[in-house]
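Trainee: I would like to learn how to read a model like this one, feature by feature. Could you take me through it?

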Amino acid sequence: MRAASLLALVAATVAAFAGVLRNRWILFDDPDYLFDNAHINSGLTLDGLRWIMRSPHGGNFHPLTSVLYMLDAQLFGSSPAAHHGVCLALHALAAVLLVLALARMTGAWWTSLLVGGLFALHPLRVESVAWASELKDVLSGCFFMLTLWTYAWWAERPGRGRGSLVGLSLALGLASKPMLVTLPGVLVLLDVWPLGRWRALPGAAARPGLVRAPARDLRGLVAEKWPLLALVVAFAALTFQVQRAAGAVVDTAHLPWPVRILNAAYAAWQYVALSFRPHALVPFHLLDPAVALARGPAAAVAVAALTALAAWQFRRRPWIGVGWAWFLGTLVPVIGLVQVGMQGWADRYTYLTTIGLAIALAWTLDALWPRTRAALGLAAGLAVLVLAALGAATARQVAHWKDNRTLFTYTLAREPANLMANYCLGTELLNAGRYADAIARFRTVLAVNPAYGDTHANLGIALAALGRTPEALAEFEQAIRLKDRANVRHNYARALMKLGRTDEAIAQYEAALRLDPDHAASLAELGAALALRGRLAEAEAVLRRAVAQPRAGAEVRRMLAVTLTREGRVEDAVTQYAAILRDAPDDLDALNNIAWIRATHADAAHRDGAEAVRCAERAVAASRAQPVAVLYSTLAAAYAEERRFPDAVRAGERAVALARAERDSGGAARYGEQLAGYRAGRPFHFA
């Protein structure tokens, strides 16, 4: 029966969240975390592991999550469905582990199952499951629940081995998301109830006689967890340093303590209210000091009243106090007292915190509900109805995360001034080539917050695309003043190249590479700019670095090959063209250039008529559906090098005819001159 009920929970969770498998990437965080991150997209590599340990991934330190992102990319490539499927599977696993942990501690299977269902199916979970960047929520959630289970196992029979597993599970959870720093505190709460290890509250254990860990006073319960606390302190310090270095921590000069405290109270009350009436769930709620000051005092009174109620009921119903303390305590890292980012509150922050509310509610109902068969049958029916309603609401909420346009249009319909939605919708319009509409969205954001995210940088890209390059330069300069980043320097350099200011562009590309030495696009374009200025040796060095980047494209190799040819190093150039052909055997440019070098080079040591013919014939064959004059010109030169002059004449005539059809008079004239030589029995070689 228990196994069947767990299978039913998993099935209900999958049914509620199945829509995530059809969802696309989201333009908030997903680019940095996933699809625009070359380190992640390269899969699980040694270089990638080094990068994880030395660089903040998305402004955070969660190495185990980053490794799982890499593993997902290794196994599934860039498919969003696969990444979403992993998140869903981990969420279902977290729900199962929660039920098993609570049941092990309390012996109350059906009450534990209700808590697991409320956790798994609530619409507040959607942000954590449907947003691929929040893999850290569901992964850390699994280790959170596993830590609860291993702790209950340890409490039944304390020992070093079992205690080590508790520490290992916590460490893995912290490496998934540092929000688990409050987990030792949760374990102390569970010592109080249901494990009954607090001497000041005798008889609080739900399963007397099962727990063999000694009862202690509160100080002893905390002190025995010193290894866990040491882990927590280390991760907390490291995370704070990483987030501060990434510029994510807001100082008190910009956000004073009264605003932080009142916003914390308002956020906590919002989480309580949304737990009982989930509505208007959107992906970002900007911290508004005016709202915090206006609504925070009433929220603080409400939170204080609930705290007083939990304290009043503590001896009779300790689970209420434990659940409420769980809720408030686990909120501490994300409640805004140490403000990270610009959000006032977020649905995803409830992933672990509102379990405490579910425990308080479920065990209170269990204590108050009549024990007759009819009453218990009614309770089961009501529980199924509530969970079904939550699952249906979750499925509707998942559908809003289908793609960027759907999500942010939905968000703006509820919060027209939502900065994140305006910014992301503007970015979506930018990517779709609707530059004027994108500019309007970005202007809306900057009118409210002139320093919001990448808005200046993206506005610059849109302006440059419309040819308004001087305005674009001003936006890039402002973006650099706010936060100097490689991508912004890169786009600034591109705009300078459009204006013909090549030397200034080179300086900006070099600045981008000082910020990110592996910035592939800057390496490639810097190489092209240096070659344009005739600085061929420098261009070659930079382009070789670009080619060494993970998943370097064919165009980078092509630029390197052209540079090497200009340097007179044609064999090295041929090697690069050959590398292109290994990945794309019908690449016309690579085939044509190898054939041209082998057929026409002034130095006989570099000529090879047979190879020239092979490559030229492959190029012509690959382009038969749409013949190209230059390919027939090269084929003619290749035949001539092999002394197959009748074939050379026919190919040359075809080249001239195609050039005329293409209205390329210059090409027709050149091919005609070469054709005259073939008719006279002379191959074409450069002097």
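Mentor: Gladly! Let's begin with the overall make-up: the protein chain has 34 helices and 2 strands. Keep in mind that this is a predicted model. Along the principal axes, the C-alpha atoms of the protein chain fill a box of roughly 110 × 50 × 45 Å.

Trainee: What percentage of the 687 residues in the protein chain is buried?

Mentor: Buried residues make up 52% of them.

Trainee: Which residues touch the most other members of the largest nonpolar core?

Mentor: That core has 209 residues, and the ones touching the most other members are Val115, Phe119, Phe144, Met145, Leu148, Ile355 and Trp363. Helix H6 (residues 80-106) gives the core its largest share, 14 residues. Take Leu148 as a case: leaving aside residues up to four places away in sequence, Leu148 touches Leu98, Ala101, Met105, Leu183, Val186, Leu187, Leu190 and Trp326.

Trainee: How are two packed helices described?

Mentor: By two values, the angle between their axes and the distance between the axes. Now a case: helix H1 (residues 2-17) and helix H7 (residues 109-121) cross at roughly 10°, and their axes come within 10 Å. Angles under 35 degrees count as roughly parallel, so H1 and H7 are roughly parallel to each other. Their crossing is right-handed. On the H1 side the contact is made by Arg2, Ser5, Leu6, Leu9, Ala12, Thr13, Ala16 and Phe17, and on the H7 side by Trp109, Trp110, Leu113, Gly116, Gly117, Ala120 and Leu121. Sorted by class, the contact of H1 with H7 has 10 nonpolar, 4 polar and 1 charged residues.

Trainee: And at what angle do helix H29 and helix H30 pack?

Mentor: Helix H29 (residues 570-583) and helix H30 (residues 588-600) pack at about 150°, with axes 9 Å apart. Angles over 145 degrees count as roughly antiparallel, and H29 and H30 are therefore roughly antiparallel to each other. The crossing of H29 and H30 is left-handed. In their contact, Val570, Glu571, Val574, Tyr577, Ala578, Ile580 and Leu581 of H29 meet Asp589, Ala590, Leu591, Asn593, Ile594, Ile597 and Arg598 of H30. The residues of this contact divide into 10 nonpolar, 1 polar and 3 charged.

Trainee: Now the backbone. Where is Pro194 placed?

Mentor: Pro194 is in the loop between helix H11 (183-192) and helix H12 (218-223). Check omega here: the peptide bond from Trp193 to Pro194 is cis, with omega near 10°.

Trainee: What is phi of Ala280 near?

Mentor: Phi of Ala280 is near 45°, a positive value in a residue other than glycine. Ala280 sits in the loop between helix H14 (257-276) and strand S1 (285-286). With a relative accessible area of 40%, Ala280 is partly exposed. Arg663 also deserves a look: its phi is near 60°, again positive in a residue other than glycine. Arg663 lies in the loop between helix H33 (645-661) and helix H34 (665-679).

Trainee: Is Arg663 buried or exposed?

Mentor: The cut-off for exposed is over 50% relative accessible area, and at 78% Arg663 counts as exposed. For practice, compare a helix residue: Glu504 is found in helix H25 (residues 502-515). At 38% relative accessibility, Glu504 counts as partly exposed.

Terms used:
Residues are numbered from 1 along each chain as its sequence is written. This is a predicted model: local features need pLDDT of at least 70, side-chain atom pairs count only at pLDDT 80 or more; totals for chains, interfaces and linings use all residues. Side-chain values use heavy atoms; hydrogens and water are left out. A nonpolar core is a set of buried Ala, Val, Leu, Ile, Met, Phe, Trp, Tyr and Cys residues joined through side-chain atoms within 4.5 Å. Buried means under 20% relative accessible area, exposed over 50%, partly exposed in between (1.4 Å probe, protein chains only). Helices (H or I, at least four residues) and strands (E, at least two) are DSSP runs, numbered from the N terminus. Contact means heavy atoms within 4.5 Å. Axes are lines fitted to C-alpha atoms, for helices over the stretch in contact, and angles run from 0 to 180 degrees between N-to-C directions. Angles under 35 degrees count as roughly parallel, over 145 as roughly antiparallel, 65 to 115 as roughly perpendicular and the rest as oblique. A crossing is left-handed if the near helix is turned anticlockwise from the far one by less than a right angle, and right-handed if clockwise. Ala, Val, Leu, Ile, Met, Phe, Trp, Tyr, Cys and Pro count as nonpolar, Asp, Glu, Lys and Arg as charged, and the others, Gly among them, as polar.
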